[in-house]
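Good morning, colleagues. I would like to take you through a few local features of one model, beginning with a side-chain contact. Please look at the sequence and the structure as I proceed.

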Amino acid sequence: WGSDDSTSARRSARHIRPSMTSGRFLAQSITVLAVLSVVGGACTRSDERGGVTSSVASVRSDGGREALRSVPLPDLTGLPIPVQDQVRERFAVLEQRRARPGTPDAELGAAYGDLGLILMAAEYERPALSSFINAEALAPAAPRWPYYRGQLHVVRGEHAEAEVAFERALVLRADDFPTLVQLGDMALAHGRPEAAERRFRQALA
């Protein structure tokens with residue numbers, strides 16, 4: 001990528017917003033992956049892989065916010081300054097909402113999810129996954145968080161977990177085009193053409 005393209009992609013990190021409105025939602029997902037390729041290159045941060053299991057249910061069942069996963073601010077050394085600023089800004093918002101008495105669960109969940117988006121874009125996979133798990137636990141009716149968690153699992157090569165996450169998103173919004181396409185692609189990649197065709201037909205209906 002040239003310098004102009006890199007600058008444009010980095011700026012796009014400022015405009016990542018969760019939305020489940022078909023085309024816009026898919027475009028935002030592509031933007032996340034584009035930013036990821038700019039800030040991290042072809043190699044994934046090896047210290048950010050592994051070590052985190054995807055268990056939203058365990059967070060929900062333990063009860064209370066005390067069961068939420070810890071998401072510390074990672075070492076941002078080496079990231080472009082604009083991306084560092086975005087991570088710090090979203091982390092600050094999360095800390096403000098955590099510290100404010102009476103913050104609604106959905107609002108706190110959105111803060112975790114927004115942080116997870118920028119962490120995923122910057123290839124901090126473990127804290128991004130914990131952020132999405134917390135977001136789902138706090139806002140279980142919001143389909144965008146299992147969708148983004150599914151995307152992260154795909155990046156990590158965790159296809160079974162990705163399919164579970166996408167299925168969860170589909171339960172919450174049955175006609176969501178990007179989710180149906182993701183599930184169709186996964187079925188096709190794993191030798192289930194009939195299931196893939198069914199998902200693609202649903203997406204085009």
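The side chains of H153 and E158 form a polar contact at 2.6 Å; the term denotes a pair of N or O atoms within 3.5 Å, where within protein one must be able to donate a hydrogen and the other to accept it, and residues adjacent in sequence count only if both atoms are side-chain atoms. This is a predicted model, in which local features need pLDDT of at least 70 and side-chain atom pairs count only at pLDDT 80 or more, while totals for chains, interfaces and linings use all residues. Residues are numbered from 1 along each chain as its sequence is written, and side-chain values use heavy atoms, with hydrogens and water left out.

H153 belongs to helix α7, residues 144–155; helices here are DSSP runs of H or I with at least four residues, numbered from the N terminus. H153 counts as buried, at 1% relative accessibility, where buried means under 20% relative accessible area with a 1.4 Å probe and protein chains only.

What is the angle at which the axes of α7 and helix α8 cross? The value is roughly 165°, and the axes of α7 and α8, the latter spanning residues 159–172, come within 8 Å. Axes are lines fitted to C-alpha atoms over the stretch in contact, with angles running from 0 to 180 degrees between N-to-C directions. The two helices, α7 and α8, are therefore roughly antiparallel, a label for angles over 145 degrees. H153 is also among the α7 residues that meet α8, whose side includes F166 and L172; contact means heavy atoms within 4.5 Å. By class, this contact of α7 with α8 has 8 nonpolar, 4 polar and 3 charged residues.

The contact includes F177 and L180 of α9 and F200 of α10.

I turn now to Q84, in helix α4, residues 81–99. Q84 counts as buried, at 11% relative accessibility. A polar atom of its side chain lies 3.3 Å from the backbone oxygen of L76.

Finally, E123 sits in the loop between α5 (105–121) and α6 (125–138). Its phi is near 70°, a positive value in a residue other than glycine. Most residues other than glycine have a negative phi. E123 is buried, with a relative accessible area of 2%.

Notes:
Buried means under 20% relative accessible area, exposed over 50%, partly exposed in between (1.4 Å probe, protein chains only). Angles under 35 degrees count as roughly parallel, over 145 as roughly antiparallel, 65 to 115 as roughly perpendicular and the rest as oblique. Ala, Val, Leu, Ile, Met, Phe, Trp, Tyr, Cys and Pro count as nonpolar, Asp, Glu, Lys and Arg as charged, and the others, Gly among them, as polar.
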